[in-house]
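Visitor: I'm new here, and I'd like someone to walk me through what I'm looking at. Could you take my questions as they come?

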Amino acid sequence: MDEKSPEVVTGIQAIIKASALCQKVWANLAGGESIRKRDRSPVTVADYGSQAVICKLIRERFPRDTIVAEEDSKELRRPDRSKILEQVTSYVEAFIPTSSSEEVCSWIDLSSSSIADRFWALDPIDGTKGFLRGDQYAIALALVEKGVVKLGILACPNLYVNIDHPFGEKGCLFVALKGKGSVQTDRNGMSQRTISVSKVTNPSEAIITESVEPDHADHLTHQRLARKLNISKPSLRMDSQAKYGILARGEVTLYLRVPSPAEPGYKENIWDHAAGTIIAEEAGGRVTDVLGNPLDFSRGIKMVENHGILVTNGILHDVVLKALEI
Ligand code: AMP
Ligand code: MG
C-alpha cells in the first residue's frame, strides 16, 4: 500500500467529508450562545452523520471489507428520535446527495459487531465532550490486517496547524502508512509535511499529555510519575486521539493513560487507539500498554489483553515504564 492506494485515497476522502460535516453541525447547532449546556443533540447528529458518510464511502469502494464502528441506528430509529434522524439525514445529504433517512440508517448499520482478518476501525467522533465544548475532537479511521494496523487517518478539525500560531489556522489531518512514515496535512489533505516525534532524552524535559476527563485516566498517578521523573512543565490535557497527533509531531513527549480507579476494569476500544497508534509509531514513537505489552488489535472490539496506554517518543519509553512500576 502506498499513498496512491485506493484504501488511502478513499479513506482520506471519506474522513475529509465527515470532518466537514461535524464542523457544520457544530457551527449550526452547538456554537451559538443559546445552546443549552446539557443538550447533547449536536454531538449525536454529528456522530451518526460522520459514521453514515464514512461507512457508505468505504463499503462502496471495498464491498467485502468489514467495518467496526462505534454506533448503530437502533436508537436513531425510535419514533421519539425522528427529529434527530431528520437532522442527520439533511447533514448527510449535503455530502452524499439524495440520501434518504432509511439509507442513512442502513449506512450506519454497515458496522459489524465483530472484527475480521481485514477490517476498518472507525470512531466517528472521538472526544464527544471536547466537540461540545468547541475544543479538540477527532474522527479516527484505521485499516487493520491480521491484527496489524496498516493505515491510520485522523482528522482533528479544531487542532491548530502550527504550535507557533495556536490561534492561527486550525484543522489537521494525520495519515500514517505502515513502514512509510507519518504526515500531517491541512483539513483538505493539502500542504503535506512529514512529522516526527520529539528528540527529548532527559525525562525532566518531557511534556505529558492526558485526557481532560478525570474518569478516563488516573491523573493522580500521572502526577506522581511526573514528580518521580522531575518533570516540571504542566501536563497538557486534551480530548480525543488528537493527543497522538501532537505527540507524533513532537509537541509533547508522553501520552499517559493509566486506568482510572473510578473504573479499574475498563478495557479500551480498538477505534480509540488504532489510528493514533500507527501515527505515533510511524513518526518514531512507541506505543504499549502501561505494563509494556504491545497493543493487541486482534482480540475483538475491546483490547482485553491490554491495561491502559503509554505512548512516548521511543527514547523515554523504558524509563517511563520503569517509573510506572509500583
Ligand atoms: P479521551 O478523549 O482521551 O478522554 O478519550 C475518549 C474516549 O475514552 C472515549 O471515546 C471513550 O471510548 C473512552 N472511555 C470511556 N470511559 C473510559 C474509561 N473509564 N477509561 C478510559 N477510557 C474511557
Ligand atoms: Mg472514542
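Visitor: Let's start with α8. Which residues of α8 are buried?

Guide: Before anything else, keep in mind that this is a predicted model. A residue counts as buried here if its relative accessible area is under 20%. By that test, the buried residues of α8 are A274, A275, G276, T277, I278, I279, A280 and E282.

Visitor: And why is helix α8 said to be largely enclosed by the rest of the structure?

Guide: Helix α8 covers residues 274-282. Just after α8 comes G284, with a positive phi of about 105°. As for the helix itself, it is largely enclosed because 8 of its 9 residues are buried.

Visitor: I278 was in that list. Which other residues does the second, separate core include?

Guide: Start with the largest nonpolar core, which has 47 residues; I54 and V92 touch the most other members. Helix α2 (residues 41-61) supplies the largest share of this core, 10 residues. Apart from it there is a second, separate core of 39 residues, and besides I278 it includes Y160, V287 and I309.

Visitor: Back to V92, then. Which residues is V92 in contact with, leaving aside its neighbours within four places in sequence?

Guide: Contact here means heavy atoms within 4.5 Å. With the sequence neighbours set aside, the partners of V92 are L21, G49, A52, V53, S99, V104 and W107.

Visitor: What about the open sheet of 5 strands: which residue in β12 is the bridge partner of Y255?

Guide: This sheet runs β9-β8-β10-β12-β11, again with mixed pairing, and its edge strands are β9 (236-237) and β11 (286-288). β10 pairs with β12 (residues 309-312) in the antiparallel sense over 4 bridges. In β12, the partner of Y255 is V311.

Visitor: How many residues of the lining of the largest pocket are charged?

Guide: The lining divides by class into 7 nonpolar and 10 polar residues, plus the charged ones. Asp, Glu, Lys and Arg are what count as charged. Their number in the lining is 15.

Visitor: One last thing. Which elements give two or more residues to the lining of the largest cavity?

Guide: The structure holds 1 cavity of 30 Å³ or more, with a volume of about 30 Å³. Its lining is S19, A155, C156, P157, G171, C172, L173 and R187, which by class makes 5 nonpolar, 2 polar and 1 charged. The elements that give two or more of the lining residues are β4 and β5 (170-177).

Conventions. Residues numbered from 1 in each chain as written. Chains lettered and ligands numbered in written order. Predicted model: local features only at pLDDT ≥ 70, side-chain atom pairs only at ≥ 80, totals over all residues. Heavy atoms only, no water. Core = buried A, V, L, I, M, F, W, Y, C linked by side-chain atoms within 4.5 Å. Buried < 20%, exposed > 50% of the residue type's maximum accessible area, 1.4 Å probe, protein only. Pairing = 2+ DSSP bridges. 1 Å grid on protein atoms, 1.4 Å probe; cavity = no way out; pocket = protein on both sides within 12 Å on 5 of 7 lines; lining within 4 Å. Points joined across faces, edges and corners; volume = space filled by probe spheres on them.
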